[in-house]
Protein chains: 2
Amino acid sequence: MSSKKKITTRAEDYSKWYLDVIEVADLAENAAVKGCMVIKPYGYAIWENFQAVLDRMIKETGHQNAYFPLLIPKSFLSREASHVEGFAKECAVVTHYRLKAQDGGVVVDPEAKLTEELIIRPTSETIIYDTFSRWVSSWRDLPLLVNQWANIVRWEMRTRPFLRTTEFLWQEGHTAHATKEEADAEVSKMLEVYRVFAEEYLAIPVIKGLKSESEKFAGALYTTTIEAMMQDGKALQAGTSHNLGQHFAEVFEVKFADQDGQLKYCWTTSWGVSTRMMGALIMCHSDDKGLVLPPKIAPVKVVIVPIWKDEAKKAQMLEAAAKLAGEVSAGLAGVGPVSVGGGAGAAVTAGAAPGGLLGAVKVDTRDHLTVGEKFYEWEKKGVPLRIELGERELEAGQVVVVRRDDGSKQNLPLDQVAGQVSGLLEAIQTALFEKARNFREANMHEIEDYTAFKKQLEADVPGFIVSHWCGSAVCEEQIKEETKASTRCMPFDLEKTSGKCIKCGTETDRRIIFAKAY
Amino acid sequence: MSSKKKITTRAEDYSKWYLDVIEVADLAENAAVKGCMVIKPYGYAIWENFQAVLDRMIKETGHQNAYFPLLIPKSFLSREASHVEGFAKECAVVTHYRLKAQDGGVVVDPEAKLTEELIIRPTSETIIYDTFSRWVSSWRDLPLLVNQWANIVRWEMRTRPFLRTTEFLWQEGHTAHATKEEADAEVSKMLEVYRVFAEEYLAIPVIKGLKSESEKFAGALYTTTIEAMMQDGKALQAGTSHNLGQHFAEVFEVKFADQDGQLKYCWTTSWGVSTRMMGALIMCHSDDKGLVLPPKIAPVKVVIVPIWKDEAKKAQMLEAAAKLAGEVSAGLAGVGPVSVGGGAGAAVTAGAAPGGLLGAVKVDTRDHLTVGEKFYEWEKKGVPLRIELGERELEAGQVVVVRRDDGSKQNLPLDQVAGQVSGLLEAIQTALFEKARNFREANMHEIEDYTAFKKQLEADVPGFIVSHWCGSAVCEEQIKEETKASTRCMPFDLEKTSGKCIKCGTETDRRIIFAKAY
């Protein structure tokens, strides 16, 4: 299954490089259905680590998982007006429920036409809030904190693996609260969960902020986001958390009797991250040699390659490698919980990765590949640490340890390897984050002049531009037309300063990030 | 959310009892789309435990997870002739990819008609073997051992929550091998995984056997199954494992260069269990008071109910309950791995349930419910052990411990509870399995006379009938028409004896189980 193809460099063609990394690292491939992908075992193992970490964090903040139907009655989608605009367009529509044999093939049975068409969920607000209307009756039922892991279909015209696919996987949280304040707190709590997940596990630095009215979720009161910068200086929205106000509650009759005896509409929120974040992970850290994975999310954290020239020594080398693997695994298992400071909203703690995530140590025992081929394969797959154990090294009680992130090599005494691996992995995790953050900081530009603004957006690495903006959708739209840059977010931690809208010159203290985006 | 409805007894109406249990235990409810269900948080927590245990067992036997598309081109379904017959009928068909606004609602955009219709997967053999054809080229790529967790849609006319729903959740394993022998071994290995899962975790005794030609999977060489008996004496197929021969490999060109240099077709297998097994779990153990859960799969294993009459004592009681909960949790965490003997095929070991599964101890601190209401709620939800901690008990250093399975109560010294809980849970797990096995044994009938056969099938609890059968589909069909009983399986451990076909009288040494079935 492993590909021998040469990777296009980032400098040559960034888009092609991205596709090449996915191919050579065996992450995914295009499926027989246009715009859909097959997530291959190695790619899916990374997604499973995403799920394990995020699922734990979602549960630790009091949410429960549930499962809602894939198919949504067409009429549901048209009940919330702005939601129709946003989602009832490019959808997969089920119109029939039977095929019949004909001329050696199968055809759709015209007799089996549905009276009301069904839509494959493009997001689940409508069906979930319809359900919530039966689950909530009293203030005692609130807050209702639900999450679902599911597949989603949106009929995208231009697709790219992970970043934009017709079908994708995600989690979508949906909650109902008694007051706006509680819904606000939930929105920022979950955005903070996403920040911790992105920064502490994926080593992707993100900026938390508020979306503009044009960029908010269809049907939301407001949308908050975490925005990441890719290596080509483009932005990627990595996760969003929405306060849906009382819109959906009013449409789907999610009401509760409050403590004061009055019947009130709930305030609801929704929030999600998807397999799109796999795209962010790939683009943020990988290099011209292939995938680079942060240790905390890597399915294989350490690969040990025993090397023998003399076939008679093979058994001995394999045994030594197996022994070392056992020691290294034991060393990793001892890595304790990592405490992460909370930010906005309620405090979020990120414990150690769950059981299976640490301790993934692999010995490459294959004998039909050369040593070079083995090195090359694990490099392409982004395994954080490679340990080379040769005959001479074994005699000398030494191994060579190679870091994937910077390619640095060091000799380590065999009996000290196990003790040092967790420290090395932590160093890699930190280095990846620092490198990505430094890159972002180097590519953040505060610009107040529209000519300079346009010029920056024509640069090879356009980066993030922080500018004053009057808040009007007209300016936003014109800038987009003229530069292809969209507004990303109004960062929460950005100081307020007076200035003039980069486009129309109106006085304002509002600043926003503009960037070209995925 | 909790229902106060009275449960119909099994004796009154078994079908209604089943629906009532699902309702009062908060497991699932009907969705807005006909035949689909919402799996509620408590029901989904049970499913997550299913997944955690089974996923670990699937990985321990060398399989990797991956993800394949939801949508399958219509033409794929017609490529394997017998598969068409079995699956290309009651399917959800996607014909359009866009809606448009019209008269305040949305309608299907006739311009957005797909050139080839897409089918929502009713099972994934076709799309997966099409993919495998790109993954396999050499004998070194074999065996290819893949599993996927996914949602499935089959357009069922008569649905029942968990047992038969239009959309359901499952895992489907798909493997490719070099030889028939290796595929055979895989089929029986995974059937054994299912047996261990059913018997050791769900406490459901099952019979492993071979399906008849009429009952096998559409496109398979043969199908093996685990069959369980429900409390009404009907059978439920709880999991299947198929040898697909080379059929799909030939149709989808899954070929490999063997060590002898020749190009050969792979032998493939598939195997799956679904949310249907939740139905089996509910029907196997529950009683007229509601759900009964085996401890190993219960999301909440122990509930502690502190009881205070004097509001001034509340804080003290809650504190004592919390302390006890901590001790009980710690006691459960110490429960070591359970070793399970392998059966047919490769040995399968079932370790302890993963991290979160043991140690689910809940303290019911709610003060708007009476103690009786709390007891009633946890009883309906099938929590295996209830610990009652009253003021007087606390003073006396005693608690009352109540088993859900048999309702038995005992006083235990407070300082011994934590040490005894894991033993009590194991006793419940064993008792549930023994009870179900005894029930099944009491309702197994070896019958050689067709009049007696028909009479038995009219009994309140028809049970399983073991009879000689000539092997012809005609006899099978006639029996089904006359008695509504279908063939369930030819048990692997059934001794061969000579006799006459229960229907046509032909001499045969083949015996099979007949039963009414879900």
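**Strands, domains and chain contacts**

Modeller: To begin, strand β10 (residues 167-177) of chain A pairs with strand β16 (residues 267-274) of chain A in the antiparallel sense, over eight bridges. Please keep in mind that this is a predicted model.

Colleague: Which residue is the bridge partner of A:H177 in β16(A)?

Modeller: The partner of A:H177 there is A:W267.

Colleague: How many strands form the open sheet that holds β10 and β16 of chain A, and in what order?

Modeller: Eleven strands form that open sheet of chain A, in the order β3-β9-β10-β16-β13-β12-β11-β24-β27-β23-β22, and the pairing is mixed. At the edges stand β3 (64-65) and β22 (444-446) of chain A; each has a single partner strand, so one side of each is left without a neighbour in the sheet.

Colleague: What about the open sheet that includes β17 of chain A?

Modeller: That one is formed by five strands of chain A in the order β18-β17-β19-β20-β21, again an open sheet with mixed pairing. Its edge strands are β18 (361-363) and β21 (409-413) of chain A, each of which pairs on one side only. Neighbouring strands in this sheet are turned against each other by 25° on average, direction ignored.

Colleague: In which sense do β17(A) and β18(A) pair?

Modeller: Strand β17 (residues 302-307) of chain A pairs with β18(A) in the parallel sense, over three bridges. Within these strands, A:V302 stands opposite A:V361 of β18(A).

Colleague: Which helix packs on that sheet?

Modeller: Helix α10 (residues 371-380) of chain A packs on the sheet and touches β17 and β19 (385-390) of chain A. The direction of α10 makes about 175° with that of β17(A).

Colleague: Changing topic: how is chain A divided into domains?

Modeller: Chain A has domain 1 (14-73 + 125-285), domain 2 (298-337 + 348-440) and domain 3 (444-515). The C-alpha centres of domain 1 and domain 2 of chain A lie 34 Å apart.

Colleague: How many residues are in contact between domain 1 and domain 2 of chain A?

Modeller: On the domain 1 side there are 24 residues, in contact with 16 residues of domain 2 of chain A. Helices α2 (41-60), α6 (180-201) and α8 (276-285) of chain A each supply at least two residues of that side of domain 1. Of the elements involved, α2(A) gives the most, with eight residues. By class, the residues on this side of domain 1 of chain A are 15 nonpolar, four polar and five charged.

Colleague: And α2 with α6 in chain B: how do their axes cross?

Modeller: The axes of helix α2 (residues 41-60) and helix α6 (residues 180-201) of chain B come within 11 Å and cross at roughly 145°. The crossing of α2(B) and α6(B) is right-handed. The contact is made by B:V53, B:L54, B:M57 and B:I58 of α2(B) together with B:V193, B:F197 and B:Y201 of α6(B). These residues divide into seven nonpolar, no polar and no charged.

Colleague: Now the two chains. How many residues does the contact take from each?

Modeller: The contact takes 57 residues from chain A and 58 residues from chain B. On the chain A side, 36 are nonpolar, ten polar and eleven charged. Of the interface residues of chain A, 100% are also interface residues in chain B, so the copies meet through the same surface.

Colleague: What rotation superposes chain A on chain B?

Modeller: A rotation of 180° with 0.0 Å of shift along its axis does so, with an RMSD of 0.0 Å. The two copies are thus related as by a two-fold rotation axis. Among the residues of chain A, A:V94 comes closest to that axis, at 2.1 Å (C-alpha).

Colleague: Which strands join across the two chains?

Modeller: Strand β5 (residues 93-96) of chain A and strand β5 (residues 93-96) of chain B run antiparallel and are joined by three bridges. In this pairing A:H96 stands opposite B:V93 of β5(B).

Colleague: Lastly, the backbone: where is a cis peptide bond found in chain A?

Modeller: A cis peptide bond joins A:L142 and A:P143, with omega about -5°. A:P143 lies in the loop between α5 (125-135) and β9 (144-153) of chain A. In chain B, the bond from B:L142 to B:P143 is cis, with omega near -10°.

Colleague: And what is the phi of A:A203?

Modeller: The phi of A:A203 is positive, about 60°, although this residue is not a glycine. A:A203 is placed in the loop between α6 and β11 (206-210) of chain A. Most residues other than glycine have a negative phi.

Note on methods
Residues numbered from 1 in each chain as written. Chains lettered and ligands numbered in written order. Predicted model: local features only at pLDDT ≥ 70, side-chain atom pairs only at ≥ 80, totals over all residues. Domains from an automatic or database assignment. Contact = placed C-beta atoms within 7 Å. Helix = DSSP H or I, 4+ residues; strand = E, 2+ residues; numbered from the N terminus. Nonpolar A, V, L, I, M, F, W, Y, C, P; charged D, E, K, R; others polar. Pairing = 2+ DSSP bridges. Least-squares fit on C-alpha atoms with pLDDT ≥ 70 in both. Axes fitted to C-alpha atoms, helices over the stretch in contact; angles between N-to-C directions. Left-handed = near helix turned anticlockwise from the far one by under 90°.
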